[in-house]
Amino acid sequence: MKVFLDTVGCRLNQAEIEQMARQFRLAGHVLVPTPAEADLAVVNTCTVTAAAASDSRHKVRQAAAAGAGQVVVTGCWSTLSPQQAADLPAVSRVVPNAEKDRLVPDLLQIELSEFESEPVEREPIPGARLRTRAFLKVQDGCDNHCTFCITTVARGAGRSRSIAEVLEDVQAALQTSLDGQGGAREIVLTGVHLGSWGQDFTAPLHLQTLVRAILEHSDVSRLRLSSLEPWDLDEHFFRLWDNPRLCRQLHLPLQSGSAATLRRMARKTTPPEFRRLVMAARQAIPGVAITTDLIAGFPGESGAEFAETLAFVEEMQFADGHVFTYSTRPGTAAARLPGQVPHPLRKERNARLRLALEGSNHRYREAHLGQVLPVLWESAVSLGPSGWEMSGLTDNYLRVQAAAPRQLWNRITPVRLTALVAGRMDGTLIGQEVA
């Protein structure tokens with residue numbers, strides 16, 4: 001079959017789609033870049049916000065309208081709203097999260113175990129996807145009970161994959177084609193509650209054990225960690241960054257800078273604890289990018305509490321972040337809280353937080369002007385005889401654009417950062433490839 005894969009939402013969803021892609025290819029099927037070409041479309045949905053749920057439904061309808069022969073829907077939105085998903089056009093099957101890992105073998109009515117040991121060159125998923133980074137799911141589910149979050153309901157209890165399973169996936173992602181172009185240069189570890197990896201084992205382990213194992217038993221050029229809850233970390237964790245292959249980025253969701261709001265959210269941190277963690281990270285990892293998530297207009301958020309959050313965000317000087325306008329999700333504790341903030345006020349607070357993050361992002365990028373950093377090139381546009389326009393990321397998540405005399409896609413080269421331009425930095429290539 002010709003198979004089209006699409007996803008909405010988090011990096012974990014992206015990791016799951018990449019695993020499905022590998023399984024379809026192992027079974028002899030072909031991935032295509034558009035649903036119009038597909039006999040089968042699989043859409044991995046999200047429900048973290050009302051907008052994500054709406055986007056998920058749109059993706060399914062889009063696949064059907066484009067002419068996909070059948071559409072299979074999975075993910076968090078369809079797990080919580082299976083009948084709504086089944087009623088959408090061309091949907092032949094709705095696969096809940098609990099059965100997602102077996103979606104491909106169950107759909108094809110085969111066992112993939114006999115193929116899993118066979119080598120298969122990594123191919124980027126066709127379409128508009130990040131092609132130089134491989135997203136690997138190492139953990140699923142969550143045992144936290146943040147009052148705003150529906151994901152815990154959709155994903156279930158926390159559960160970790162073994163070190164052996166993860167290392168197998170790492171090696172598969174690094175597998176190169178004959179021209180050396182296929183392998184991922186960067187591995188991104190993902191999970192619903194990544195920092196809890198290993199805690200559900202009979203003999204509990206900490207995430208740092210997994211990170212050390214990957215660095216020791218693979219030659220991955222870069223290893224990046226996705227979102228980490230601040231209460232899972234301490235200053236000893238940052239010793240991992242003695243290894244330069246670990247990317248200098250920590251995404252630490254804050255959600256609010258007000259202690260009172262954090263309590264209503266049932267977050268297991270306080271502003272002083274968060275501050276101490278950030279200070280320890282910056283002392284241990286020079287140039288580290290601390291990024292975050294924020295929620296504007298959480299129920300009961302008074303003007304004074306919002307002022308505390310805004311002041312704390314400005315103090316933290318995050319390298320970047322996401323601001324979400326609070327979205328009422330039926331089934332969460334927050335939906336039943338009193339003091340729901342009017343939508344116009346939520347939007348206003350969102351805008352002010354975004355402005356604060358834009359300012360600190362500008363200052364973070366500005367501090368790197370003149371530095372030489374290795375960049376992993378993710379896209380290449382031919383400029384004809386004059387060369388190529390390259391775009392990529394530093395290990396500390398600075399978007400960089402530079403001109404190159406030859407195509408450098410999926411290569412890592414040193415670049416001198418020379419200018420700030422609307423959300424990115426311009427640079428000049430210097431010297432040779434470093435990976």
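This is a predicted model: local features need pLDDT of at least 70, side-chain atom pairs count only at pLDDT 80 or more; totals for chains, interfaces and linings use all residues.
Local features are described where pLDDT is at least 70, and side-chain atom pairs count only at pLDDT 80 or more, while totals for chains, interfaces and linings use all residues. Numbering runs from 1 along each chain as its sequence is written, and side-chain values use heavy atoms, with hydrogens and water left out.

**View 1. F148 sits in the loop between β7 (139-140) and α7 (151-155).** Helices are DSSP runs of H or I with at least four residues, strands are runs of E with at least two, and both are numbered from the N terminus. F148 counts as buried because its relative accessibility is 15%, where buried means under 20% relative accessible area with a 1.4 Å probe, protein chains only. Beyond four places in sequence, F148 has contacts (heavy atoms within 4.5 Å) that include M265, R267, F298 and Y326. Its C-alpha atom is separated by 19 Å from that of G75, 73 residues apart along the chain.

**View 2. R267 lies in the loop between α10 (259-265) and α11 (271-284).** R267 is buried too, at a relative accessible area of 6%. Its side chain joins that of E229 in a polar contact of 2.7 Å; such a contact is a pair of N or O atoms within 3.5 Å, one able to donate a hydrogen and the other to accept it. R267 also touches residues including C146, F148, W231 and L262.

**View 3. L250 belongs to the largest nonpolar core, which has 50 residues.** A nonpolar core is a set of buried Ala, Val, Leu, Ile, Met, Phe, Trp, Tyr and Cys residues joined through side-chain atoms within 4.5 Å. L189 and L250 have the most contacts inside this core. Among the residues in contact with L250 are L228, F238, W241 and I285.
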